[in-house]
Structure formats: structure tokens, C-alpha cells
Amino acid sequence: MNNENSKSEFQANHISLQERIRNIFISVFLIFYGAISVANNEFYFPLKRSITEGERSLIIYGEIPCWIMFASFLFAAINLLTVVVDHYDKRNNEINYKQFSRITFYTAITLFFIAGIYFAFSKDIKLSNGC
């Protein structure tokens, strides 16, 4: 009887429409931006502050770093979409969504840094003096 009470007391997550639309929009953007970047073999990241004088962007190029970065973007998009799916899933499995979200988040962050480290230490780096 105690199990019946705990089941009836469960309330599924309610995610606002604004947050769901935002997560879907950002997910679609990440997937399209990642696909375009992989097709061009370079990821362009505009920066607020310059790394070197006159440069206000970071460009990661090369086939392997771009594919790793794209995988990072895919995991980030999946993480955002998990929130949307969780809103519509009325079952009592919030713990599973939380664990899945944590895994996709840390995988995305890890792949992001692996792509940057791989790019930084690859032999294909071409240094430019801004000319």
C-alpha cells in the first residue's frame, strides 16, 4: 500500500515552453554548425578577447579534431534534448534522465577538450602571423 501512495504522489517534471523551445533551437544550431564545420574542415569560435594582437577568433582545423569537436557538439545537443524528452515522459524515471544527462554533459566537455588538445599538439598546425 505504501508503494501505491508513492506512485500517486509522483509528479513528472514540468519544463517551461520557453526552455523547451530554447533547448531545441540550440540543439539544431549545434548540429548544423557542427556539420557545416566538419564539411569545411574547420571550427570557427569568435572570442571576446584576442589571443594574439588583432586576432579575435580561434579556428580549429583538420579532419580528426573537427570530427572530435562535432562529436562533442552532438553530445551537447543530445544533452539539451534530454530535458525536452524528460518533460513529455510521465514515468517515474527522473534518476535515469539525470544520469544520462550527466554522462552526455561530461562526454561533450571531455571531447571538446580532447579536440583542442589534439589540435594543439598535432603536427599539422600552421602558424600564421596575420598576413
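**Core packing and aromatic pairs in a predicted model**

Apart from neighbours within four places in sequence, Phe 45 is in contact with Ser 57, Leu 58, Ile 60, Met 69, Phe 73 and Phe 112, contact meaning heavy atoms within 4.5 Å. The model is predicted: local features need pLDDT of at least 70, side-chain atom pairs count only at pLDDT 80 or more, and totals for chains, interfaces and linings use all residues. Residues are numbered from 1 along each chain as its sequence is written, and side-chain values use heavy atoms, with hydrogens and water left out.

The predictor's confidence in each residue is given as pLDDT, from 0 to 100. For the protein chain the mean pLDDT is 80, with 78% of residues at 70 or more. Confidence is highest in helix 2, at a mean of 93, and lowest in helix 1 (residues 2-9), at 52. The pLDDT is below 50 over residues 125-131, a stretch that has four contacts in the model beyond near neighbours in sequence. Where pLDDT is low, the predicted coordinates should not be read in detail. Helices (H or I, at least four residues) and strands (E, at least two) are DSSP runs, numbered from the N terminus.

Phe 45 is also one of the residues with the most contacts inside the largest nonpolar core, alongside Val 38, Phe 43, Ile 60, Met 69 and Phe 73. This core has 14 residues; a nonpolar core is a set of buried Ala, Val, Leu, Ile, Met, Phe, Trp, Tyr and Cys residues joined through side-chain atoms within 4.5 Å. At least two core residues are supplied by each of helix 2 (17-40), strand 1 (42-46), helix 3 and helix 4. Helix 3 gives the largest share, six residues. In soluble globular proteins, nonpolar side chains tend to be buried together.

Helix 2 has 24 residues and spans 34 Å from first to last C-alpha, close to the 34 Å expected at 1.5 Å a residue; the expected span is 1.5 Å times one less than the number of residues. Its buried residues are Arg 20, Asn 23, Ser 27, Leu 30, Gly 34, Ser 37 and Val 38, where buried means under 20% relative accessible area, exposed over 50%, and partly exposed in between (1.4 Å probe, protein chains only). These residues pack against strand 1 and helix 3.

One salt bridge is found in a search of the whole structure, a salt bridge being a side-chain nitrogen of Lys or Arg within 4 Å of a carboxyl oxygen of Asp or Glu. It joins the side chains of Glu 19 and Arg 22 (4.0 Å, N to O). Both residues lie in helix 2, three residues apart, about one turn of the helix. Glu 19 is partly exposed at 30% relative accessible area, as is Arg 22 at 44%.

Helix 4 (residues 94-121) has 28 residues and reaches 40 Å between its first and last C-alpha, close to the expected 40 Å. Buried in this helix are Glu 94, Tyr 97, Thr 104, Ala 108, Leu 111, Ala 115 and Phe 119. Strand 2 (57-61) and helix 3 (63-88) are among the elements that cover them. Thr 82 of helix 3 is buried, with a relative accessible area of 7%. Leaving out residues up to four places away in sequence, Thr 82 touches Tyr 97 and Phe 100. Ala 76, also placed in helix 3, counts as partly exposed at 24% relative accessibility. With the same exclusion, Ala 76 touches Leu 30 and Ala 108. The C-alpha atoms of Ala 76 and Thr 104 are separated by 6.7 Å, although the two residues are 28 apart along the chain.

The structure holds seven aromatic pairs. Rings of Phe, Tyr and Trp (its six-membered ring) pair if their centres lie within 6.5 Å; planes under 30 degrees apart count as stacked, over 60 as edge-to-face and the rest as tilted. Tyr 33 and Phe 73 are stacked, at 6.3 Å centre to centre and 20° between the planes. This pair links distant parts of the chain, with Tyr 33 in helix 2 and Phe 73 in helix 3, 40 residues apart. Phe 73 counts as buried at 9% relative accessibility, whereas Tyr 33, at 24%, counts as partly exposed. The pair of Phe 112 and Phe 113 is edge-to-face because the ring centres are 5.7 Å apart and the planes lie at 90°. Phe 29, Tyr 33, Phe 43 and Phe 73 form one aromatic cluster.
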